[in-house]
Amino acid sequence: MPTASVPLKKIAEKMKLTNMTPGIDISGKRVVTSEINRPALQLTGYFDHFYSERVQIIGYVEYTYLESRSREEKRPVYEKFLSYNVPCIIYTTMTEPDEDMLQLAKQYNVPLFITKQTTSDFMAEIIRWLNVELAPCISIHGVLVDVYGEGILIMGESGIGKSEAALELIKRGHRLVTDDVVEIRKVSDVTLIGSSPDITRHFIELRGIGIIDVKTLFGVESVENTHSIDLVIKLEEWSRDKEYDRLGLEEEYTEFLGNKVVCHSLPIRPGRNLAVIVEAAAVNHRQKKMGYNAAQELYNRVQNSLMKNSQKKEKE
């Protein structure tokens with residue numbers, strides 16, 4: 001499996017970086033890790049355990065330290081630092097590289113960027129964004145819809161009605177994330193993010209009609225580019241011989257990239273309003289996350305009723 005990477009050009013555009021070395025071609029340069037490095041010790045000449053594959057960030061503290069050094073002290077450190085072929089160096093908090101750094105960066109083909117953001121804010125933003133971009137990713141067949149703030153992944157065999165259910169949900173005011181192909185990224189041990197391939201974004205395929213553009217037909221408020229996957233609903237043909245969960249006391253799960261997601265199997269029969277059922281499932285799931293489980297409440301009421309009846313009989 002190839003190592004995930006992000007083009008340096010995309011990072012510069014996303015983070016709104018100013019390129020101080022426009023003569024260096026960055027089209028082929030890529031970043032392979034979401035971790036960053038502030039080269040504090042490296043700027044003093046200590047290069048043991050130097051993670052040169054990371055984006056290097058020089059903040060105000062590093063900048064003022066360098067300003068306090070003489071040119072004869074700085075230049076050898078610059079040369080050794082740049083010789084490690086770091087992907088790029090970013091100056092934050094409205095600081096800028098000096099002439100020696102600019103000259104040597106061009107010599108060693110290392111891009112230099114600047115940003116007006118403070119170091120802490122910039123580090124938090126670039127790490128968060130790179131974590132998403134470099135997260136492990138798989139593609140599955142399904143539909144992802146934002147229903148009442150819950151990311152509902154609808155799965156099932158081709159032609160079972162996933163897209164039709166999504167279209168009805170969109171008409172009821174919910175948002176489409178992706179139809180047919182869902183790209184799932186694991187951004188943490190508890191969070192999965194779903195998105196659409198660029199080529200099919202905002203499109204839905206309806207058998208007998210063809211391709212429709214949801215964004216054009218229903219407006220920008222009807223679509224969303226990404227959303228967490230909070231609940232999976234598997235649509236399947238109803239079978240008389242299969243037992244279906246009618247209480248929901250025990251959660252079932254499905255797994256993507258090592259993360260477990262609550263999953264409901266929904267039997268399909270003519271006349272069932274899938275959109276209403278999906279809405280109810282979304283709200284019920286949200287309630288459970290807030291600490292209220294309707295099935296458990298019913299179970300407790302039944303148990304209390306049985307206990308009261310038992311005590312009443314004992315007294316008689």
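Visitor: Is Y84 buried, partly exposed or exposed, and what is its relative accessible area?

Guide: Glad you started there. In this predicted model, Y84 is partly exposed, with a relative accessible area of 32%.

Visitor: How do I read a pair of aromatic rings?

Guide: The general idea is simple: a pair of aromatic rings is described by the distance of the centres and the angle of the planes. Here the count comes to 4 aromatic pairs. One of them joins F47 and Y84, with 5.3 Å from centre to centre and 5 degrees between the planes. Planes under 30 degrees apart count as stacked, and the pair of F47 and Y84 is stacked.

Visitor: Which parts of the chain does the pair of F47 and Y84 tie together?

Guide: F47 belongs to the loop between β4 (36-37) and β5 (55-58), while Y84 belongs to the loop between α3 (71-82) and β6 (89-91), so the contact ties together parts that are 37 residues apart in sequence. As for cover, F47 is buried, at a relative accessible area of 8%.

Visitor: What are the distance and angle for the rings of F50 and F81?

Guide: Their centres are 5.7 Å apart and their planes stand at 45 degrees, so this pair is tilted. The pair also links distant parts of the chain: F50 sits in the loop between β4 and β5 and F81 in helix α3, 31 residues apart. F50 counts as buried at 10% relative accessibility, and F81 counts as buried at 0%.

Visitor: Which residues do the ring pairs link into a cluster?

Guide: F47, F50, F81 and Y84 form that cluster.

Visitor: What lies over the face of Y51?

Guide: That would be R54, at 4.1 Å from the ring centre.

Notes
Residues numbered from 1 in each chain as written. Predicted model: local features only at pLDDT ≥ 70, side-chain atom pairs only at ≥ 80, totals over all residues. Heavy atoms only, no water. Phe/Tyr/Trp six-rings, centres within 6.5 Å; stacked < 30°, edge-to-face > 60°. Helix = DSSP H or I, 4+ residues; strand = E, 2+ residues; numbered from the N terminus. Buried < 20%, exposed > 50% of the residue type's maximum accessible area, 1.4 Å probe, protein only. Lys NZ or Arg CZ within 6 Å of the ring centre and 35° of its normal.
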